[in-house]
Amino acid sequence: MGIRNKARQDPKRIVFAEANSYRILKAVQFVLREGIAKPILIGNKDKIHALIKENQLDITNVPIIDLYESVSDVKRHEFAKILYEKRKRKGMTYNECVEKMYNRDYFGSMMVETGEADAFISGFSRKYSSTIRPALQVVGVKEKFNHIAGMYILLTKRGPLFLSDTTVNMNPSAQVLADTTILTAAEVQCFNIKPKIAMLSYSNFGAYKGEGSPVRVKEAVQMLHEKYPDLMVDGEMQANYALNGKLRYSRYPFNKLGDEDANVLIFPNLSSGNITYKILQSLGPAEAVGPILMGMKKPIHILQRDSTVREIINMTAIAVIDAQSNCDEL
């Protein structure tokens, strides 16, 4: 798929919120050496320098922002005023906004919001929900969709497989499923790959007549067929029919994917998506890249907790690609 090569074509300024970590710094060393991104580090300067020296890392001429030492009051209040305008009618006082600027997730998100950086990466040491809240309050969600979704890429022997939504929406409506599909398709196209989308459930093409996720998936498919007639998407279908195009075509020749295997799987709810990617990631040999956060107005990405160095490098490349182009539009 060449995500690192694509990132190298136009490296962007990426803010790393947790630069006090050895694994983050190890990834930053690789990113610098390979020309994937232009890192900006947030953290304690003394601790960062000590980690670099202790581990003999080759990290030089990289900006380090120590929120308690190197940020001026002027800058802190400048950012606080912007946040206050966004949140003053949502219960946040100005003093609280100033206090938030000592928080690396708020400050890093504000750097992207104001154009001082191109993308922001956090989440290495904290819960997903705690990390995403500042980004939502500072940067916000694209009005067109008014929701976000998370996607994983599984790098398999048969090619990349895109799984969505795996991190955000618990029990999505038909409209949210349709919007998630569009976000995902646009993101896949950013990797120069044509999306072939299967919308999953436990029944095939209207076989289940009751209520629940198959009905919502069917409604989402109808919406997509009407609004995006050229998009290769169909469902609802079971996972084996999604991944075996010839089997699907022999039984359901009318499907819009024809006899091609799907490379994008849209799950009917968060439980099925999250469980599936974690099982596949644990069994191997596929490598998981993500989660890729889709639907934000500007590039914000949240690592898995305790990500490996390789995972951090891959997420950095994803953030750069996201910053290179608008990946939320078909």
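In this predicted model, the residues of helix 7 that are buried are Thr131, Ile132, Pro134, Ala135, Gln137 and Val138. Their cover comes from several parts of the chain, including helix 4, helix 6, strand 4 (119-122), strand 10 (287-294) and strand 11 (300-302), and the list shows that both helices and strands take part in covering helix 7. After helix 7 comes glycine 140, and the phi angle of glycine 140 is positive, with a value near 85°.

Helix 4 runs over residues 73-87, and its 15 residues reach 20 Å from the first C-alpha to the last, which is close to the 21 Å expected at 1.5 Å a residue. Which residues of helix 4 are buried? They are Lys75, Arg76, Phe79, Ala80, Leu83 and Arg87, and because these residues cover an arc of only 130° around the axis, they lie on the same side of helix 4. The face turned away from the buried side of helix 4 carries the exposed residues Val74, Lys81 and Glu85. On the buried side, the residues of helix 4 pack against helix 5 (94-100), helix 6 (104-113) and helix 7 (128-138).

Helix 4 and helix 6 are also joined through charged side chains. Glutamate 113 and lysine 86 meet in a salt bridge, with a distance of 3.1 Å from N to O; glutamate 113 lies in helix 6 and lysine 86 in helix 4, so this pair ties together parts that are 27 residues apart in sequence. Are the two partners buried or exposed, or something in between? Glutamate 113 counts as buried because its relative accessibility is 18%, which falls under the cut-off of 20%, whereas lysine 86, at 31% relative accessibility, counts as partly exposed.

Arginine 158 counts as exposed because its relative accessibility is 57%, and aspartate 261, with a relative accessible area of 33%, is partly exposed. Elsewhere, salt bridges that share partners join Arg8, Arg33 and Glu34 into one network. Another salt bridge is the one between aspartate 10 and lysine 12, where the closest N and O atoms are 3.0 Å apart; aspartate 10 counts as partly exposed at 35% relative accessibility, but lysine 12 is buried, with a relative accessible area of 18%.

Isoleucine 59 lies in the loop between helix 3 (45-54) and strand 3 (64-65), and isoleucine 59 is buried because its relative accessible area is 9%. Leaving aside residues up to four places away in sequence, isoleucine 59 touches Leu25, Val28, Gln29, Leu32 and Ile52. Isoleucine 59 and histidine 49 are 10 residues apart in sequence, and their C-alpha atoms are 9.3 Å apart in space. Serine 201, the second example, lies in the loop between strand 7 (197-200) and helix 9 (213-227). With a relative accessible area of 12%, serine 201 is buried, and, again not counting residues up to four places away in sequence, serine 201 touches Ser213, Pro214, Glu236, Met237 and Gln238.

Serine 325 is found in the segment after helix 13 (309-324), and at 32% relative accessibility serine 325 counts as partly exposed. How far apart in sequence and in space are serine 325 and cysteine 190? They are 135 residues apart in sequence, yet 7.7 Å apart in space from C-alpha to C-alpha. Finally, Ile275, Ile279 and Leu283 make a nonpolar surface patch of about 320 Å², and isoleucine 275 is found in helix 12 (residues 270-283).

Conventions: Residues numbered from 1 in each chain as written. Predicted model: local features only at pLDDT ≥ 70, side-chain atom pairs only at ≥ 80, totals over all residues. Heavy atoms only, no water. Helix = DSSP H or I, 4+ residues; strand = E, 2+ residues; numbered from the N terminus. Expected span 1.5 Å × (residues − 1). Buried < 20%, exposed > 50% of the residue type's maximum accessible area, 1.4 Å probe, protein only. Arc of directions from axis to C-beta. Contact = heavy atoms within 4.5 Å. Patch = residues over 30% accessible without salt bridge, like charges linked within 9 Å, V, L, I, M, F, W, Y side chains within 5 Å. Areas by Shrake-Rupley, 256 points an atom, 1.4 Å probe, with all protein chains shown as cover. Salt bridge = Lys/Arg side-chain N within 4 Å of Asp/Glu carboxyl O.
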